[in-house]
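Trainee: I have not looked at this entry before. Please take me through it in questions and answers.

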Amino acid sequence: MHPPARARLRRAPLILLTLLSLVVTAFAALPAQAATIRYEAENATNVQGVVEANHTGFSGTGFVNSDNVSGPYTEWTVNAPAAGTATLAIRYANGTTTARTAGVSVNGTVVSANRSFGPTANWDTWATSTLTVTLNAGDNKIRVTATNAGGNPNLDYLEATLADAPATEYQAEAATLSQAMVATNHTGYTGTGFVDYVNTAGGSIEWSVNVEEAGSHTLTFRYANGTTVTRPMDIAVNGSVAASGVNFPSTGTWDTWADGNVTVTLNAGVNTIRATGTSANGGPNVDRLSVSGSGGPDGQAPTVPAGPRVTGTSASSISLTWTDSTDNVGVTGYKVYEGTTVVATSPTASATIGGLAAGSTHTYTITAVDAAGNESGHSATVTGTASGGTTGPTADQLLAKVTTCSQISNGKYKTDSDVSTATVAVCNKTGAVFWKGDMDIDCDGIRTTQCNENTDCCFLPDTFCHTSTDTPLNAAQLPYVVVPSVSSIWDYRTKGIGCGTVVAVVYNGQVEYAVMGDTGPSGIIGEASYRTAADLGINPDPSNGGTDTGVTYIVFTGSGTKVSTIENHTQAVNLGRTLAQQFIDGN
């Protein structure tokens, strides 16, 4: 799952002491206030759990129903503006007559073991379990893990009540510098260093600052001035000088830091703040900029980009477009992903991904980003094929090479458990093994709308092969093939076949490149994932789908026949086309 969009955070205002001469003075922050942020369970990371909406009274778009086993968990990412104590409220429903227990952990450490979530009369009645924890500044992982055979209760949301930081801080060393450099040769700075101006007029530090509301804001510069003379600076906002000749007086030594402030007017959204030294001595050493006043940092992510589609292709590129996202402050750009890798960024709702192999097929998702770095969830997938080149051998070319069988299996396999005769042999060819038979539908692995206990009588929440992040495969999204478990009939390992081995599945004049993703009964052969069937035009419904005949499975053998990232279908397609051509050439 993607980190959930967070609710807006508001910051406590600060007392500003204004001097007519604009001499910078120290200020003190008012005590932090409490902010309550809701994190929906359906937007969290859920393992062995499915999002549902078949009961009433939930918040958001649904709730999470876990497997009835020990071990499923829901994990939220909770952002704290400052380290300290927080109150967590977990909203749940338990329609059984016995309590369900779970361990609550923060950043990997269990803070409440076997916490009891008692009965709530029925599944439409919700209750809240509250506990106090200590959070780090920044992102924290809050996980609720079932510790009983009944699994977790239904989880609706997590609410975190925590103290706001008095101001939003921007380190000077992370800003844009001109005639200034990052240094660490004095003590007492925060972050990874401070900025030392060159001893000449004109050096500057420029920050990009994001605020939620337009209006008056306090800019506080943490600085050191080890000389005996004042070092003035001009403070510009969005390219215009808002305060000229602002004085930064001596702090006694370069290891002594002081806070000073000035009031400016900021727009809602992104603003540039530039501090420019105006004397021959340059500016003071600057540690950080803090921004306070009306509003606060933007914690709300943009909406998910909608309607992604391919608008053009070339021999080396695919062009995409989508519908603009919206945001409470403003969308600043988009990221295009292939799997988990960002392959393009764009400030507008379109992008072109270049450097592609001719004829290669790629599947993308898009996210939207705002100025505060909040990122939306991923869009629906969109698939395109670079023009030109080759799409690999045709179905007829592959089938022409598997007309005769050199059997390597010790006997034959059944196509289904209820048939009386075993009729399918595993045959050997140069660079591959193959068999011909039916296709049953495998819907195991990650729960989805298509694959779960309600759609598949024999659903299992795991697959023999796992993703690169060690989670079960997603049968509804990933084309994969099921290989018979090792037995006296045949041991697939003797041919170097394993998780991620590429398979060409041929049916009705089409070729689907898949991977080995699961193992099945030791005496039955001919099964593939929901997505494999759907891509080939076979009914993928695990309860009544599949086909009784006409499917050929060509499993490539030898070195270099496995993808590096099993869940990346594009890798399987590109490698499969190469291996298929080698298979044609070698037989």
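Trainee: Are Arg447 and Asp67 buried or exposed?

Mentor: This is a predicted model, in which local features need pLDDT of at least 70, side-chain atom pairs count only at pLDDT 80 or more, and totals for chains, interfaces and linings use all residues. Residues are numbered from 1 along each chain as its sequence is written, and side-chain values use heavy atoms, with hydrogens and water left out. Relative accessible area decides the class: buried is under 20%, exposed over 50%, and partly exposed in between, with a 1.4 Å probe and protein chains only. By that rule Arg447 and Asp67 are both buried.

Trainee: How many residues apart are Arg447 and Asp67?

Mentor: Their side chains meet in a salt bridge at 1.1 Å, N to O; the term needs a side-chain nitrogen of Lys or Arg within 4 Å of a carboxyl oxygen of Asp or Glu. Arg447 sits in the loop between strands E31 and E32, and Asp67 in the loop between E4 and E5. Strands here are DSSP runs (E, at least two residues) and helices are runs of H or I with at least four, numbered from the N terminus. The pair is 380 residues apart.

Trainee: Which residue is linked with Asp67 and Arg447 in a network of salt bridges?

Mentor: Side chains of opposite charge can pair when their charged atoms come close. A search of the whole structure finds 10 salt bridges. The network holding Asp67 and Arg447 also includes Glu453.

Trainee: Which strands hold Arg274 and Glu206?

Mentor: The two side chains form a salt bridge of 2.7 Å, N to O. Arg274 is partly exposed at 37% relative accessible area, and Glu206 is partly exposed at 23%. The pair ties together parts 68 residues apart in sequence, because Arg274 lies in E21 and Glu206 in E16.

Trainee: How many bridges join E16 to E21?

Mentor: Two strands pair if DSSP finds at least two bridges between them. E16 (residues 204-211) and E21 (residues 269-277) run antiparallel, with Ile205 opposite Ala275 in E21. The bridges joining E16 to E21 number eight.
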